[in-house]
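Please read the following briefing alongside the sequence and the coordinates.

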Amino acid sequence: MRHVVGRGHEACPAAGQPPLVIFDLDGVIYRGDTVLPYAADAVATLRRRGATVFYLTNNSTRTRESYSRKLTEMGIPTHPNEIMTSAYATALYFLENHLDGTTAYVIGEEGLVDELTRAGVRVLRGDENGPVESVVVGLDREFTYRKLLRAQQAILAGARFIATNGDLTFPVEEGKVIPGGGSLIAAVQAATSKAPLMIGKPESYAVERILQITGASPERTFMVGDRMDTDILAGRRMGLHTVLVLTGVTRAEDVESAPEEMRPEIVLPDLARLPEVVCTAP
Ligand SMILES: [Mg+2]
């Protein structure tokens, strides 16, 4: 990607390749439907100074178009091509492995079904019957015993088992947590004694796709997240700069007790100083 820096704005950094900044969404850019302080300003400043911005979420329930609308309405103008979800990454996995044209039984919501369908995968859901080559599991707020049974039977009959993301819970308003896709995946895993191929963070697959799409190098890329076991671990595994913000699920005191491989390079209370941190990094 080429970068054009507006007149009167200092390039970021002053010399060398412009950075890529990958933002997690929930707990970093917004909480629920509320944009977090400094998020819109930080993104605008980074863009103005020539940085490339991308968003990476483990949430598989919505389409990229739906996220771009949500961000744009929050005052952060975003194109669907700047968003990577675990659902889209799963669809890319199918394409890359020439699995388009095959049939998948899907436990998941609109985002996952839509991305797989657009990638040429034939999707079966609910009580739809027929042979399947794969079972794909993500967050499904209409999960039932019958879906679990259908997925289990297919996997035991030899279908591959692919999971969008391992998050057991996710945070919602008022400090509550609700079951995440990982809880449903755990049920399928328990019923089959088979481990899935995991696509979302902390696995590297989605991050690798972003680096490929943008042409950015890992040493000039910043992963900005609120979770150490997904965002920061994924960034560290890929050799990126890692920035933990404390506007989501992690408290400052959690950092000290985290395993070494999950510790961020930089901890910020919020996104106010992020452009400065990114643009002055060595
Ligand atoms: Mg998050």
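**Domains and their contact**

Eight residues of domain 1 are in contact with seven residues of domain 2, contact meaning that C-beta atoms placed from the backbone lie within 7 Å. This is a predicted model, in which local features need pLDDT of at least 70 and side-chain atom pairs count only at pLDDT 80 or more, whereas totals for chains, interfaces and linings use all residues. Residues are numbered from 1 along each chain as its sequence is written.

- Domain 1 comprises 20–58 + 202–279 and domain 2 comprises 98–198, with bounds that come from an automatic or database domain assignment.
- The centres of domain 1 and domain 2, taken over C-alpha atoms, are 27 Å apart.

**Helix α4**

- In helix α4 (residues 110–118) the buried residues are G111, L112, V113, D114, E115 and L116, where buried requires 20 or more other C-beta atoms within 10 Å of the residue's own, with C-beta atoms placed from the backbone.
- Helices (H or I, at least four residues) and strands (E, at least two) are DSSP runs, numbered from the N terminus.
- The cover over these buried residues of α4 includes α3 (86–96) and β6 (103–107).

**The six-stranded sheet**

- An open sheet of six strands runs in the order β5-β4-β1-β13-β14-β15 with parallel pairing, pairing requiring at least two DSSP bridges between two strands.
- Because β5 and β15 (266–268) stand at the edges with a single partner strand each, one side of each has no neighbour in the sheet.
- Strand β14 (residues 241–245) pairs with β15 in the parallel sense over three bridges, and V243 has I266 in β15 as its bridge partner.

Key
Contact = placed C-beta atoms within 7 Å. Buried ≥ 20, exposed ≤ 12 C-beta atoms within 10 Å, placed from the backbone.
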